[in-house]
There are 2 protein chains.
Amino acid sequence: MSIPHKPAATEAQLHELIANRWSPRSFDVSHKLSDDQIHSLLEAARWSPSSMNAQPWRFLVGLRGDSNFAALVSSLKENNLEWAPNASAIVLVAATGEKVSNIEIFDAGLAVSALITQAQSMGLHTHQMGGFSKSKVKEVFSLPENVEPIVLIGVGKISEPSKLSQALLERELAPRSRKPLTELMLKGLN
Amino acid sequence: MSIPHKPAATEAQLHELIANRWSPRSFDVSHKLSDDQIHSLLEAARWSPSSMNAQPWRFLVGLRGDSNFAALVSSLKENNLEWAPNASAIVLVAATGEKVSNIEIFDAGLAVSALITQAQSMGLHTHQMGGFSKSKVKEVFSLPENVEPIVLIGVGKISEPSKLSQALLERELAPRSRKPLTELMLKGLN
């Protein structure tokens, strides 16, 4: 079974790093990330813009086989447990500030997207997960009061999907879909 | 005066679209975006990932000279009024959902970052602004109750900065700075 290629279905000119990004569930369980690769991913996030340059993002990296990875996997909700343990790394992204408000959460989104684009440029794929226990993550890593877990990012090498369960295989092969742009546009004055 | 080049100060390998992104204040007031360019920017955002594929982002585009642009400029706080009117476009990004929570705000951040990366790939620069009146934007565009303005993005062609006021010129020429990565890493178990 070949690796799915699922470019964005658009007539617009899109940069290949944007057009070809998607979130697979089939990762190569033998693939490992090098220290340099992890450094590049984190640096891409670090150099993101943020309101008042506050840089409210915080990171923690688990590499398949280490204690951080195991702890992050143990926080996952069931729907992610089938595939996420095969990722080469799981990155916890948290937001912090005197108060974690919309601004910090939004800026964390900017940083995560930069990390993802950097991963794409390195031949890697990513899959974000909101389905995890934030309270468990707070507890196991003894996170400070003002550090709010936001998302986990599975990072790894995509692999051919034949070992996925039927349910996940169908999602892996399904075309990507989005609302039409017209539904996303607010009504202007012009 | 030449256009500043301000790559991220890192030893890590970063893709050029990530490394060279920064938020200038000097935009070419004669530059116009084509319809195709605007379409590419919005499509990059549209194909972002989102939790449950909910796509909670909404957009409104003002082009320098049109009514949307004028209305968005009129919502700006004073610190953005010197430079933002020279951008070719100002894009309003809002989040929506049954309830606009952290998830929708975070996903809006992902979409904005994709738009920015796409802009970079087209030789454009962007500058995000949180400094605007959200209530004014809601009112002037009669936004529905559950549509929350998040950010304005100035998009345009960077220009040499000699016309900026002294205060802005200093910021335009200053090196970009970030906290060291060590300060951004949460304490793990390993």
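How many bridges join strand 2 of chain A to strand 4 of chain A? The count is 8, and the two strands run antiparallel. This is a predicted model, and the sections below walk through its chain fold, its sheets, its core and its interface.

## Chain A at a glance

Chain A holds 8 helices and 4 strands. Read from the N terminus, its elements follow the order α-α-β-α-α-β-α-β-α-β-α-α. The radius of gyration of chain A is 17 Å, close to the 16 Å that the globule rule gives for 190 residues, so chain A is as compact as a globular protein of that length.

Along the principal axes, the C-alpha atoms of chain A fill a box of roughly 55 × 45 × 30 Å. Of the 190 residues in chain A, 51% are buried. Contacts also reach across the sequence. Among contacts in chain A with a separation of 6 or more, 80% are between residues 24 or more positions apart.

## Strand 4 of chain A

Strand 4 of chain A has partners in strand 2 and strand 3. Strand 2 covers residues 89–96 and is joined to strand 4 by 8 bridges. In this pairing, A:Val91 stands opposite A:Ile153 of strand 4. Strand 3, residues 125–129, is joined to strand 4 by 5 bridges, and this pair is antiparallel too. Here A:His125 faces A:Gly156 of strand 4.

Is strand 4 of chain A enclosed or open? Of its 10 residues, 10 are buried, so strand 4 is largely enclosed by the rest of the structure.

## The sheet of chain B

In chain B, 4 strands form an open sheet in the order 1-2-4-3, with antiparallel pairing. Strand 1 (57–63) and strand 3 (125–129) are its edge strands, each pairing on one side only. Neighbouring strands of the sheet are turned by 25° against each other on average, direction ignored.

Strand 2 (residues 89–96) and strand 4 (residues 147–156) of chain B pair over 8 bridges. Within chain B, B:Val91 is opposite B:Ile153 of strand 4. Strand 3 and strand 4 of chain B pair over 5 bridges. B:His125 is opposite B:Gly156 of strand 4.

Strand 3 of chain B is an edge strand. Yet 5 of its 5 residues are buried, so strand 3 of chain B is largely enclosed by the rest of the structure. In a regular strand, side chains alternate between the two faces of the sheet. B:His125, B:His127 and B:Met129 point one way from strand 3 of chain B, while B:Thr126 and B:Gln128 point the other way.

## The nonpolar core

In soluble globular proteins, nonpolar side chains tend to be buried together. The largest nonpolar core here has 111 residues. Those with the most contacts inside this core are A:Phe59, A:Val93, B:Phe59 and B:Val93.

B:Val93 shows what such a position touches. Leaving out residues up to four places away in sequence, its contacts are B:Trp57, B:Phe59, B:Ala108, B:Val112, B:Ile150, B:Val151 and B:Ile153.

## Where the chains meet

The interface brings 59 residues of chain A into contact with 61 residues of chain B. Elements of chain A that give two or more residues to its side include helix 2 (35–46), strand 1 (57–63), helix 5 (102–121) and strand 4 (147–156). Which element gives the largest share of this side? Helix 5 of chain A does, with 14 residues.

By residue type, the chain A side divides into 31 nonpolar, 20 polar and 8 charged residues.

Technical notes:
Residues are numbered from 1 along each chain as its sequence is written. Chains are lettered from A and ligands numbered from 1 in the order in which they are written. This is a predicted model: local features need pLDDT of at least 70, side-chain atom pairs count only at pLDDT 80 or more; totals for chains, interfaces and linings use all residues. A nonpolar core is a set of buried Ala, Val, Leu, Ile, Met, Phe, Trp, Tyr and Cys residues joined through C-beta atoms within 7 Å. A residue is buried if 20 or more other C-beta atoms lie within 10 Å of its own, exposed if 12 or fewer, and partly exposed in between; C-beta atoms are placed from the backbone. Two residues are in contact if their C-beta atoms, placed from the backbone, lie within 7 Å. Ala, Val, Leu, Ile, Met, Phe, Trp, Tyr, Cys and Pro count as nonpolar, Asp, Glu, Lys and Arg as charged, and the others, Gly among them, as polar. The radius of gyration is taken over C-alpha atoms; the globule rule is 2.2 Å times the number of residues to the power 0.38. Two strands pair if DSSP finds at least two bridges between them. Axes are lines fitted to C-alpha atoms, for helices over the stretch in contact, and angles run from 0 to 180 degrees between N-to-C directions.
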